[in-house]
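Here's a quick briefing on the side-chain contacts in this model. Have a look at the structure first, then walk through the points below.

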Amino acid sequence: MTLNLPCDVGKRFPPGRAPARDSSPESINILNMDTEAGSRVQTIDYSCFSELAAGLAQLDRPAYAAAGKDSLVPVMGLGLPTATLCIMGRDPGRAEIAAGAPFMGPSGRVLRRMLTAQATAHLTDDKSADGEGTGCNRPPASLFWLNTVPYKPIANRAWPLAVQRLFQPLIRDIMLMQWHGDRVITLGNQAFRWFGIGQPADERARMDTYWSGDRRYLDPLRVLVANAKRRRWLTLYPLPHPSPANAVWRERFPALLQHHLDALTSDQEARR
């Protein structure tokens, strides 16, 4: 079965696998497997992404060429459909292009180290994390990784809203069809506001009110994500982006992330 994405049907690849022979294992995590609900994980047609990327004026083609990578291949992290938590970022950088996986740069390593450490506290019930503190590139396997746009922009400038809207149906459908969870950590303004794309005016106003408050990095927010076939209420746990350029929030990022991870752990224990 193929994921129903709004473009012409092209070459199909197994779930989580981009059409690149040098994809890293972390970029092909999704398995074509039966889920606990008895439904089969659906295949992604990556040609949809490539067709859209071919027309992007701000695509950093020199960065891909320098890394020996195809600029039309999206950097997709994905993960297991039963993953407890989704990590939603903005877009990949040079480190992610080279690795073929998201969240591999300085900011990503901070996040990965903390998530790996948290696995020992049973947030994800995962047994694969490195227990000796050396696994900054081996976060819990039961995570699902996404970006608003899976391509690197020139100079790492945020993609315009028009480009985010272009890719939003593809990313949304992957979130709904490939992942069965309902808790999302968003990194930065762009990742949070991605969830407002296509929402009714009153829902966007509700999200704006939340974002303008002084507890946006402390309190979660529930939002409805839907396509023509599925809908799901998700709980967002927004965080500032841990980029070195974000000096105002970078020092506070570890404590804020830990605050959300503690809340998620408590929530998971309550569900048992």
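Searching the whole structure turns up six salt bridges, where a salt bridge is a side-chain nitrogen of Lys or Arg within 4 Å of a carboxyl oxygen of Asp or Glu. Keep in mind that this is a predicted model: local features need pLDDT of at least 70 and side-chain atom pairs count only at pLDDT 80 or more, while totals for chains, interfaces and linings use all residues. Residues are numbered from 1 along each chain as its sequence is written, and side-chain values use heavy atoms, with hydrogens and water left out.

**Salt bridges**

- Asp 60 and Lys 152 join their side chains in a salt bridge, at 2.6 Å from N to O. Asp 60 is in the loop between helix H1 (47-53) and H2, and Lys 152 is in the loop between strand E2 (143-147) and helix H5 (161-178), so the pair ties together parts that are 92 residues apart in sequence. Helices (H or I, at least four residues) and strands (E, at least two) are DSSP runs, numbered from the N terminus.
- Both Asp 60 and Lys 152 are buried. Buried means under 20% relative accessible area, exposed means over 50%, and partly exposed is in between (1.4 Å probe, protein chains only).
- Asp 91 and Arg 90 also meet in a salt bridge, 2.7 Å from N to O. Asp 91 counts as buried because its relative accessibility is 14%, whereas Arg 90, at 21%, counts as partly exposed.
- Asp 219 pairs with Arg 215 in another salt bridge at 2.7 Å, N to O. Asp 219 is partly exposed, with 29% relative accessible area, and Arg 215 is partly exposed at 42%.

**Aromatic pairs**

- The whole structure has ten aromatic pairs. Rings of Phe, Tyr and Trp (its six-membered ring) pair if their centres lie within 6.5 Å; planes under 30 degrees apart count as stacked, over 60 as edge-to-face and the rest as tilted.
- Phe 49 and Phe 167 have ring centres 6.1 Å apart and planes at 25 degrees, so this pair is stacked. The pair links distant parts of the chain, with Phe 49 in helix H1 and Phe 167 in helix H5, 118 residues apart. Phe 49 is buried at 0% relative accessibility, and Phe 167 is buried at 0% too.
- Phe 192 and Tyr 210 form a stacked pair, 5.6 Å centre to centre with 25 degrees between the planes. Here Phe 192 sits in helix H6 (residues 188-194) and Tyr 210 in helix H7 (residues 201-212), 18 residues apart.
- Phe 192 and Tyr 210 belong to one aromatic cluster with Trp 211, Tyr 217 and Trp 249.

**Charges over rings**

- Arg 112 lies over the face of Trp 145, 4.9 Å from the ring centre. A charge sits over a ring if NZ of Lys or CZ of Arg is within 6 Å of the ring centre and within 35 degrees of the ring normal.
- Arg 216 has its charged end over the ring of Trp 211, 5.2 Å from the centre.

**Loop backbone and a helix contact**

- Leu 78 has a positive phi of about 55 degrees although it is not a glycine. Leu 78 is in the loop between helix H2 (61-66) and strand E1 (85-89), and counts as buried at 0% relative accessibility.
- Phe 103 isn't a glycine either, yet has a positive phi of about 60 degrees. Phe 103 is in the loop between helix H3 (94-99) and helix H4 (106-119).
- Ser 107, in helix H4, touches residues including His 241, Pro 242 and Arg 250, not counting residues up to four places away in sequence; contact means heavy atoms within 4.5 Å.
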